[in-house]
Amino acid sequence: MLSHQNPDGDTLGSMLAMGAILKKSGHIVDHVISDPVPVIYKFLPYTDLVKIPEDSTLQKNYDLAFSLDCGSLKRLGKAKDLWHKANTTINIDHHISNEMFGKINCIDPEAVSTGQVVYTVAKQLKIKITKEVATLLYTTLLTDTGCFSNSKTNETALSWGAELIKFGAEHESIYRKAFLERPFKAIKIFGSALKDCILIKKGQVMWTCVNKDSMKKLNATSEDTEDIVDYMARTKDVRICVFFREDKNGTKVSLRANDDTDVSKIASLFGGGGHKKAAGINMSYPLEKAKDMILKKIQEELK
Ligand SMILES: [Mn+2]
C-alpha cells in the first residue's frame, strides 16, 4: 500500500483502510510512505504499521502494489521503486487529472475522497466495515471536504458520513484530534505569523512570514506552520494570501486564492505547483529575495 509524499488525511486513511480490508481477506500487507506520518494523524488506527521505503523488513518485490490518492507516479516519492518492482499495480484515486499509471486504474472523479473509492471496493467485496476502517475513511471524508466546508460537501458526502458514523466513526474525536488540536508551539508560531500579517495592493493581497530564528526559538517544525495560510484566507475581502517560511534550503511559499485567480499558475512560474485555489513553491532563494519576487509577480497578475 503506497501513499503520496507529505501524506494528508485522504492518502493515509485510504491506504490504511485498503490494507485492513485486504488483511481481512487473508492477504499479507505492508504500508510504505516516503515521509513520516504527521504527528496529528498518529492517533489513527494502524499508523504504527507504516514503514519508510528504506525499511529492511520490506520484501524485495510484491505481487501487488496499490497507489492511493496519487495523481501521478512522481507523487509516490521514494516509494516509487516498490511500485516498479511489483508484478501488478493498482492505482486508486479520485483526481480528475490522474495519469492512469497503473496496470489497473480505479479512478472515480465523482468520489468525495479516495477513501470513498476504497469504501465502494470494500462493499463490493462484502467486507464488514470495522470501527477502525470507519475511522480511517471518515478522516478521508473530513480531509477532502475541509471538514464539511468546501464545494465537495454535497448530499453524497453527508450521507456517506452518516453511514460511517453508523459503522462506528466518532465525529467529535476525529475532528478534534486531526483538525483542531495542535501542539502549544504550533499555536505560538501561528500567533507570531498572524500578528505580522501585512495587506498590500489596496487590501487585495495579504502576506506574512516566519523566519528560521522564530521557528528555532519555539522548536517548531514545518508541520506546525501548515495551516497558517488557510487561516489567513479567512480574511474578508482579501483575494490572495501568501505565507513565506524560511528553511534550511531557502524559502517555502504557500499561496491561497479566495477568488478566481489561479495561484497554481503563479506557482508554476517559479517551479512550484498545486491547485487553482491552493499552491506551493519550494524556492532556493533567501526569504527577502523570495518575498520580493513572489509579491511583485502577484501584483503584476492583479493589474
Ligand atoms: Mn484526496
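## Helix α11

At 1.5 Å a residue, the 15 residues of α11 should span 21 Å, and its end C-alpha atoms are 21 Å apart, so the two values agree. The expected span is 1.5 Å times one less than the number of residues. Helices (H or I, at least four residues) and strands (E, at least two) are DSSP runs, numbered from the N terminus.

This is a predicted model, in which local features need pLDDT of at least 70, side-chain atom pairs count only at pLDDT 80 or more, and totals for chains, interfaces and linings use all residues. Residues are numbered from 1 along each chain as its sequence is written.

Ala-290, Ile-294 and Ile-298 are the buried residues of α11 (20 or more other C-beta atoms within 10 Å of a residue's own, with C-beta atoms placed from the backbone; exposed means 12 or fewer, partly exposed in between). Seen down the axis of α11, these buried residues fall within an arc of 50°, so they line one face of the helix. The arc is that of the directions from the helix axis to the C-beta atoms. On the other side of α11, Asp-292, Lys-296 and Glu-300 are exposed.

## The sheet

Six strands form an open sheet of mixed pairing, in the order β6-β7-β8-β9-β11-β10. Its edge strands, β6 (198–200) and β10 (273–274), each pair on one side only. Two strands pair if DSSP finds at least two bridges between them.

Strands β6 and β7 (residues 205–210) run antiparallel and are joined by three bridges. Trp-207 in β7 is the bridge partner of Ile-198.
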